[in-house]
Amino acid sequence: MTVLSALKTVNLTLDGREIIAHEGDTVLEAALTAGIDIPRLCHDPRLKPVGACRLCVVEIEGERGLLTACTMEVAEGMVVETETDRLAAKRKTVLELILDDHRVTCPTCDKNGDCALMDYSYRYQADQFAFGGYKPGPVEPNFATGNKAIAFDPQLCINCGRCVRICDEVVMASALTFKMRAASVEVTTPFDMPLNETSCVLCGLCITTCPTGAMYDRAALGQGQIKDLEKVQTVCPYCGVGCTIELNVNRANNRIVRVTSQVGSVPNDGNLCVKGKFGFEYVHSPERLTTPLIKENGEFREASWDEALELAGRRLRELRDEHGPDSIAFLSSCRCTNEENYLMQKVARTAGATNNVDQCATTCHAPTVAGLAATFGSGAMTNAIDEIKDVDTLFIIGSNPTEAHPIIGLEMKKALKKGAKMVVCDPRKTWVAEHADIHIQHKPGTDNMLINAMMRHILEEELHDAEFVEGRCENFEAFSKNLQDYTVAEAAELCDVPAELIMRAAEMYAAGEPSSIFYTLGITEHTSGTENVQNLANLAMLCGQIGKRSSGVNPLRGQNNVQGGCDMGAMHGDFPGYQKVDDEVVRFKFAEAWGVDIPTNKGGRVTDFIEQAGDGVLRGFYVFGEDPVLSEPNQAKVIKSLENLEFLVCQEIFMSETAKLADVILPATSFAEKDGTFTNTERRVQRVRKAVEPPGQAKADWEIICLMSTAMGHPMSYDNAGEIFDEMASLTPSYGGMSFERIDEVGLQWPCPTPDHPGTGFLHAGSFTRGLGLFHEIRFREAAELPDDDYPYILSTGRTLYNYNIGNMTQKSDAIRQKQSKNFVEMHASDAERLGVANDDLVTVTTRRGEVTVKAVVGDRTRPGALWMPFHFVDQPTNRITNDAFDNITRTAEYKVCAATVKKSAEVPAAT
Amino acid sequence: MTAVDLGPARAVLEDMAPVDHGLAIPLLQNIQDTYGYLPREVLLDLSSETGIPASHLFGLATFYAQFYLEEHGRHTVRVCRGTACHVRGRKIIQEAIDDELGIGPGETTEDRRFSLETVACVGTCFLAPVVMVDHDYFGNVDPKKVGEIMSGYE
Amino acid sequence: MTDTMVESGPTISSPEDLASLRDQLAAAAEGRRRVLVCSTGCLAIGAREVEATFRSEVAAAGLIGEVDVVQTGCHGLCAMAPVAVIEPYDIVYGRNRVKYIPDVISQTVMNGDVIRRFCYGRDAAMAHVEDIPFYAHQTKRVLRNVGRVDPQRIDDAIQRGVYAAAGKALTTMAPDEIVEEVKASALRGRGGGGFPAGLKWEICKQNPGNDRYLICNADEGDPGAFMDRALLEGDPHSVLEGMIISAYAIEATKGFIYVRAEYPIAVRHIRKAIDEARERGLLGDNILGSGYSLDIEVREGAGAFVCGEETAMIASLEGERGMARPKPPYPAVRGYHGEPTIINNVETFANVPLIIDEGGGDHRLQGHQDLRPRRPGQQHRPRRGADGGDDPRHRLRRRRRNAPQSRVQSRPDGRPIRRMCARLPPGPPHRLRLAQGGRGDHGLRRHDRDGQHDVHRRHRPLLHRLLRR
């Protein structure tokens, strides 16, 4: 018997067995826990039970008639029979009635072999002709006709409602509904609108929950039934949530046919978003790089691995030897595994003999790492994802979780369903903003003014946690003195928000039991990014809303392995596990382990590298899985700088904009073609598994890095990724207790120092990593570039639900391209009206750095005077015009604020 | 299709404010009272104004027989098909009305003057067969009276 | 939506206020000449014109102030529609025609002289209510005010004693005492299920919840059933009073009345009644100074027969598609928004004030002797004739001729069907071939006729089979 928690228990008898269940469990839940499988079609544990299919009926002693196990709660002394002749006869009839309304197409159905209806029909030998049999009418077009992601065959639908309910209850997209009633009932969208015109978010949960083949992956049709497929459990390569997914691979043609996820998987419970469900065509894209390339006379030519490696290794080593440690740099990749990031920084510090190593956290969450480390002692999300549903007050600032981190968005939706309150501070009306109790739509770049005013109000009203401040923090006096310079009235004026809202928000946060802060790049991508983060930490400490379950400061990390990339020490000042390079003892440890002298140069960040390349200081650059031409601000300057390099080597899966500038390109592998681990935003280290063979001569990245190291004169080799992980773990205390064996099924959250340590759900219980939490006195500073007469708008950039970063993966998916394939700018209707711009008109957005011409999306999502653009598109790239002004501490660019102007374009929009 | 004026719908919303999920059905009833049917543009607008998903409003509008998604006649003729009316000649009345209006149940006259429906018992069995026009009852209806009844409605 | 002006009147803030108002109103009404025109069912056959003509003729005769013309609910003799009762003589006139109204006023209203042609059976000996067998054999209890009050005037209801039981219950009884009385009365749900009401309330009260809700099921829709309609249209205040007492008993904070949209008069009357009750302090905050507060909201059905089923009705009230939900849990345990909820039928609530007035035990005695212990209460039952003739040429005429006897009557439960149908008014000779009951009675064939009329017994669903054939 499994250990039952403190919940009250109930004793009952199921099929003659004595069972202990939790009070409030349904008979079905109790049975499933006890390993008794009651047939069911309309049930999904993520949904409220409805008892619609009536297949789960059971006999309960003392009750008249048969009762549905999914809705019947257990009671003390209950005696239940789940499988009797009477029940079997009843279930057979129910199935026969369902089959009478279901076109039996098993031979051609994707779901064949994996279909609940098929299984139960077989189990009870239900006759599809018992009631005459289904008589198919003509096939009419429906809401999914033409949709490239989701297809729907109403003739297969049994009206169990799982798709409608999951869309409504879990996703809260509510794109699907039943129309009509009784015999005419049918799943559809409002007014039978095409799916892509509805609120559908293309998550595909309707498909994964469908117990028959009625809802299916359009692209997977005919690509393989369950007997043809092997399911490989791995981790989604998109955002930092790190969903567990299964790649359904058809070995016969080495292809990923579709993606699924099991209910109960961590952290996503079987839920996926559009990227995790439909964003995998890139793996098999014909545009993949399949052979090493060397540039000669401005043209690439194919080369052998030996030739390419020899050239690349030799040139980097020569430049290092000739010009010193600051003449070469290594850019690691948060898209890649921990093992590869570990190796990249190891290669930099051994073969490269330089600390010039960085990864893309600088582009996004470096201020988090720096700011939280300075305050708490470690820079990561303080709480676990599964704690979110129990938060009482969600305080979300500069974050759009339902689009950027959709599965965390789902957890927040769970909290909302449980009655949580929500404060959202965002200049833009996002989904969470629209559903918030309080939405503070402040001016971009005024976060610290806002937070200071809130804290001032909390202090004045004595809503703070004095005991926590006294016992667990330091520097409170200087901090509170600093707040005397800020008032709610002043903030209301400067942020352009009603003072009342600021006060109510502060009170709501202070009063939550508990409250938790969630933020993303709206906080970090500012010239005051690190200070913003520190100020949020101040707020949490002031209210004692940290160091406990469901309460803390939670940066939602942007990339699948940006947490891991940082953890692995792919940063100039840190070894793996944030062990400091300038610490003699640590340096000695790594020198011993690696058998080299550790370089002592300070090193820089990616933004430094680019500037130094422009200045001629940096001469050789090894870029791995990154595309700074698209991801860094002020594109023209970036290109100019990189062109100034003497030698650029890129390790890539596609011919990226940066790769086009390279001297050597090494063909690399996607996440589906190699083994390793990713660390998600909640510090959970999870296994990535090879599912398909890489194309052409492409090699696993960790192998390539070893070959590069060897080519640079420092031989390096490993048999497999696990061996690298073990070496890393032995040198990294927070990962010390982990191994591939321990994280085989479910990942572990660091810190996990010993092999028997269960991992850590939330940080800073009892005391902070650094001991006392350090209050910082944060002054409000304006953004680097403010609107003026010439550039009167504030432009911010961000991520959309459908695309990911530079778009080179998501844009390979037909389903995603059909939904969103072009850059656009969101502008407020009042501005649009003044400029004579209508929705879908082409407009030119201009800043001091350049211009792009994109479609206008007119509405009320942005503030008047504000513009918003995504950064996913190669064509008319947004980073052509963003500002290369940087955070004073981490050199993260201010993507969220620059001055811009917009006007209607003379160009005629291309026909679509 | 001509654009539907959203003004009256907004006025209904304002009257009923605050409208949440639980008031979706009364909201649709009031909208139908205002427009005579539930125009698509109006439902989509109500959805974005109230936060009640459009799918939900559509699901309700198609579940409940009272709601129409198509433009409807100015007057609704309902012929009772309850048991009492049935045994007392509802069919004959139905035929007479069909002839008079030139439409069958579920249809609307071309001039949008009448829509014809049948309805389960209206609880006036003692006067069967019964016909309702809008909110007015007509009992002991005779085929000969049909024209006279209809002439009272423009 | 029809909005009628709510007349303002004195706020009633205690049972004493209520009693003194009632005395005043009763004194003023003593011996007055009143023409009570059925303005519900009879509207389908010209009652509006009849009533308007009475008014204009009274005015023309200079009798305003001396003769009141009152719109009432159903008098029961629907087959004689349009029906009017003339007080103080209690003379019943049916088949009223506009052109004879001046005669009725001058002869009957002013002098009490009977005009034979309007009488029951055109028989002057059956002019008065007490002379008509149809009425003489009835014991009107929940229907006692229907036809006697203007359902749109709360003062009429107060004068007839409505709300007195609510005053007593809310100010002198504990909620649990009321539940005990209802249990003692053995009142069973009148909607067809027949579940003991008091027991249901007790179960509801045993379940912890943040709130409790009370729902009045007025989605009457079974063919041939229209007693809830008669009550809501004719005496809405008694239904409200019953709901107030019941809500207090289960400690509910909010009530709903779910009415079919096909009953526009009922909807109008109950809405008006709620507005008036609220205006006068009989609904809303601190009812009758008792400290108990309740508001009641009317929701109209939207045309789904299934919504008469309680879980489907709850779904509909929550703004969902009216789909039935599996039971258990029953609504008394987890109902509206998951909170304990009581759903009872209109007539069940209308019985509650009587129970408070008489005491549960006495109320119980009002049932039929033989069934007293198990089947208390009174069933208010619509009757109408029917036949199964199918000659296509003459079917309409024959149906008319053979089925002239439609009316609403009120009898105790447990009465043999044969006796309920025995006192038919004069007409062509007839024999009982089929009785279509309201509610879940289904059909009774002739050989069943000695069967007892019992709302709680399931008869064979014969009618449906007959019709299908």
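Contact means heavy atoms within 4.5 Å. The model is predicted: local features need pLDDT of at least 70, side-chain atom pairs count only at pLDDT 80 or more, and totals for chains, interfaces and linings use all residues. Residues are numbered from 1 along each chain as its sequence is written, chains are lettered from A in the order in which they are written, and side-chain values use heavy atoms, without hydrogens and water.

**View 1. The contact between chain C and chain B.** Chain C contributes 50 residues and chain B 46 residues. About 3,800 Å² is buried between the two chains, and carbon and sulfur atoms give 59% of this area. Buried area is the accessible area (1.4 Å probe) that two parts lose on being put together, summed over both.

**View 2. The side of chain C that touches chain B.** The elements of chain C that give two or more residues to this side include helix H11 (264-279), strand S7 (295-300) and helix H15 (395-402). H15(C) gives the most, with four residues. Helices (H or I, at least four residues) and strands (E, at least two) are DSSP runs, numbered from the N terminus.

**View 3. Cysteines of chain A.** The structure holds zero disulfides over all chains, a disulfide being a pair of cysteine sulfur atoms within 2.5 Å. The sulfur of A:Cys53 lies 3.8 Å from its closest cysteine sulfur, in A:Cys42, and is therefore too far for a bond. A:Cys203 is in no disulfide either, as the nearest cysteine sulfur, that of A:Cys206, is 6.2 Å away. A:Cys53 counts as buried at 12% relative accessibility, and A:Cys203 counts as buried at 11%. Buried means under 20% relative accessible area, exposed over 50%, and partly exposed in between (1.4 Å probe, protein chains only).
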